[in-house]
Every structure is written in C-alpha cells, then in structure tokens.
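Work through the exercises below with the sequence and the model open. Try each task before reading its solution.

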Amino acid sequence: MDFKDLLRAHGFDPDARERIVLLRHHPFEPRLARAIPWIITEHPELFEAYQSVPGRPATAIRRAEFVASFLGLVPGKAHFIGFYRVIGSRALDFATFWQIAENQTLRDMGYEGLTAERVEQVGTEMQFDLERLPFYSDWRGRLVIDYPPPERSWFRWVDRGSFPVHAILEESAFAAPPPDWREIDLTFAELANLPASWRARLAEWRGIYLIFDEEDRRAYVGSAYGRDNILGRWQAYARDGHGGNRELRDRNPRNFRFSILERLAPDLPPEDVIARENSWKQRLHSRQPFGLNAN
C-alpha cells in the first residue's frame with residue numbers, strides 16, 4: 001500500500017500535477033528537534049505556527065492545493081501529522097514575524113525562525129493559512145511511510161513520487177516517554193510546555209534538582225518532596241520564574257536550565273530529603289557568594 005492509495009480512498013487525486021505537496025519536517029535546531037513531537041501532540045497551535053512559515057518549500061506550496069504533513073524521526077521514514085488545504089498566504093517581514101506570540105515561544109524552545117541574514121537574502125517570508133482536514137486524524141504519529149532520498153530535500157510533489165506505507169503503529173510515536181532522569185536538561189520554555197507523560201513521571205519523583213543560570217553560570221540547588229514532588233516544585237518556577245526563591249527573583253528565567261541531581265524514594269521523610277539537599281549544596285558550592293542559595 002502506498003500513501004497515494006489512502007488519498008484516493010478519500011477522494012483526492014494524488015496523480016494530479018502539482019496538486020499535493022508532501023512536507024517532511026525535521027528541525028535542524030537540536031532543542032527544537034527534541035521538543036517537536038510533544039509540541040505536535042500537546043501544543044498544536046505552536047506547531048501550526050511553525051509549519052505556516054515553511055521557508056524554502058513556500059514556492060511549491062503557493063502552487064499546491066493541499067499539504068500532506070509529516071515528521072522525520074528516523075532516517076528514511078516519515079510519521080504522519082496531518083493533511084491540510086491551502087487557504088491563502090501573506091508576506092511577513094522581520095518585525096511582524098517576531099510579533100507572533102507562538103514564534104516567541106518557539107524561539108525559547110530553540111527555534112531560529114526568521115533571521116536578519118535570511119531577510120537580507122529574501123526580504124520577507126511567506127506565511128500560509130492551512131486548514132487541517134479530517135483525513136486519518138487518528139493516525140497522527142502512527143502512520144509511517146518510506147521517504148525516498150535525498151532526505152535533505154524535505155518536500156516532494158506527491159504525483160512525482162512513491163511513498164509506501166511502512167507501518168501503522170499501535171501508539172503515536174509523538175507521545176514518547178520521558179528520558180532517564182539523569183538525562184533531563186530542560187529550558188524554561190520546555191518546562192512550561194511539558195507533555196503529559198513527562199509531567200506524570202516527574203510527579204512521582206522526590207529528589208534534588210539544579211537550576212543553572214546560563215547568563216552568569218551560577219547555580220541553585222533545591223529539593224522537592226511536597227505535593228506532586230518535582231513536578232509541583234518546577235511548576236511553581238514555570239508560573240512566576242522564581243518559585244518564591246528570593247535569590248532568583250531579579251533574574252531572567254529564560255536563561256535557566258533545570259536538571260535532576262538525585263532521584264529519591266517517594267516515601268523518604270522530608271528531613272532526609274533536606275539533608276541530601278544540604279549535601280549537594282556543600283559539594284557544588286552553590287551557597288552565596290559563589291552560587292544562588294542563601295542558606
């Protein structure tokens with residue numbers, strides 16, 4: 001079976017010349033590439049903003065009637081996101097592009113977006129109005145097709161290619177579980193947009209965490225043992241940027257990175273958690289004047 005067969009089954013002609021363009025998104029920015037699966041699932045408005053300014057494929061999309069949108073998670077494959085009708089387009093200059101709230105949030109998640117260098121090359125970028133259609137919506141993240149090389153060419157005209165269906169997964173590949181706690185390293189924007197599976201896991205863990213300020217490379221060590229454990233403590237920072245800590249109030253939380261130093265048993269008494277926190281403060285020299293801990 002080919003993706004074209006699915007289109008035919010829903011009344012779309014995949015052989016019509018330059019009618020359907022297939023996009024395989026694969027952000028080159030490492031942080032955004034890590035976050036894009038959960039952005040698609042948990043914050044579709046951010047993904048739609050990202051997709052609406054496609055850059056180089058804009059010329060093809062202006063001629064197309066429909067866009068078949070996929071994500072590249074592994075080489076040679078593409079995971080289905082959605083099928084869209086092209087409604088219209090407009091030109092965006094540098095200032096207008098960065099006035100869009102979703103683009104500002106994406107920038108904090110690693111998105112490079114429209115740069116001054118790009119403006120010098122093209123002047124403006126095209127933004128498209130794309131209407132998502134009810135086309136195999138329950139297969140988002142589950143339908144996987146083969147994507148022909150070269151992968152650096154991340155869009156294709158459907159009528160000119162073959163896109164065999166590789167698999168239909170039991171569960172969406174976009175809802176991946178969180179990594180090992182030792183590998184968690186979150187920006188402030190990522191912290192505010194965590195997927196449900198990550199939030200559930202963090203709510204289970206008591207532990208000692210580190211907040212690292214990239215601006216002056218000073219660190220704050222904290223502990224989590226109250227309601228919702230690490231999740232509850234980190235959500236306090238996501239709400240106001242400082243979580244009630246005096247030492248963090250006058251700092252820009254967009255420069256913060258959040259990681260876990262030690263995961264503790266969920267029934268460990270608070271006094272034992274605090275003892276472990278003090279041990280980390282001593283070993284990392286996080287107390288003032290070197291770090292951001294006041295005690």
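Buried means under 20% relative accessible area, exposed over 50%, and partly exposed in between (1.4 Å probe, protein chains only). The model is predicted: local features need pLDDT of at least 70, side-chain atom pairs count only at pLDDT 80 or more, and totals for chains, interfaces and linings use all residues. Residues are numbered from 1 along each chain as its sequence is written, and side-chain values use heavy atoms, with hydrogens and water left out. Helices (H or I, at least four residues) and strands (E, at least two) are DSSP runs, numbered from the N terminus.

**Exercise 1. Classify Ser 153 by its accessibility.**

Step 1. Locate the residue. Ser 153 lies in the loop between strand S5 (143-146) and strand S6 (155-157).
Step 2. Apply the cut-offs. The relative accessibility of Ser 153 is 24%, so Ser 153 is partly exposed.
Step 3. Look across the sequence. Arg 56 is 97 residues away from Ser 153, yet their C-alpha atoms are 9.9 Å apart in space.
Step 4. Pro 150 sits in the loop between S5 and S6. The peptide bond from Pro 149 to Pro 150 is cis, with omega near 0°.

**Exercise 2. Check the span of helix H11 and find which residues are buried.**

Step 1. Compute the span. The expected value is 1.5 Å times one less than the number of residues. H11 (residues 270-284) has 15 residues, so it should span 21 Å; its end C-alpha atoms are 21 Å apart, which agrees.
Step 2. List the buried residues. In H11 they are Val 273, Glu 277, Trp 280 and Lys 281.
Step 3. Look down the axis. The buried residues of H11 fall within an arc of 100° and so line one face of the helix. The arc is taken from the directions from the helix axis to the C-beta atoms.
Step 4. Recall the helix repeat. An α-helix has 3.6 residues a turn, so residues three or four places apart point the same way.
Step 5. Turn to the other side. There, Glu 271 and Gln 282 of H11 are exposed.
Step 6. Find the partners. Contact means heavy atoms within 4.5 Å. The buried residues of H11 pack against strands S9 (206-213), S10 (218-224) and S11 (256-264).
Step 7. Go past the end. His 285 follows H11 and has a positive phi, near 55°. In the segment after H11 is Pro 289, joined to Gln 288 by a cis peptide bond with omega about 15°.

**Exercise 3. Describe how helices H9 and H10 pack.**

Step 1. Take the geometry. H9 (residues 196-204) and H10 (residues 229-240) pack at about 115°, with their axes 4 Å apart. Axes are lines fitted to C-alpha atoms, for helices over the stretch in contact, and angles run from 0 to 180 degrees between N-to-C directions.
Step 2. Name the arrangement. H9 and H10 are therefore roughly perpendicular to each other. Angles under 35 degrees count as roughly parallel, over 145 as roughly antiparallel, 65 to 115 as roughly perpendicular and the rest as oblique.
Step 3. List the contacts. Arg 199, Leu 202, Ala 203 and Glu 204 of H9 meet Asn 229, Ile 230, Leu 231, Trp 234 and Gln 235 of H10.
Step 4. Inspect Asn 229. Its phi is positive, near 55°, in a residue other than glycine. Asn 229 is buried, at 11% relative accessible area.
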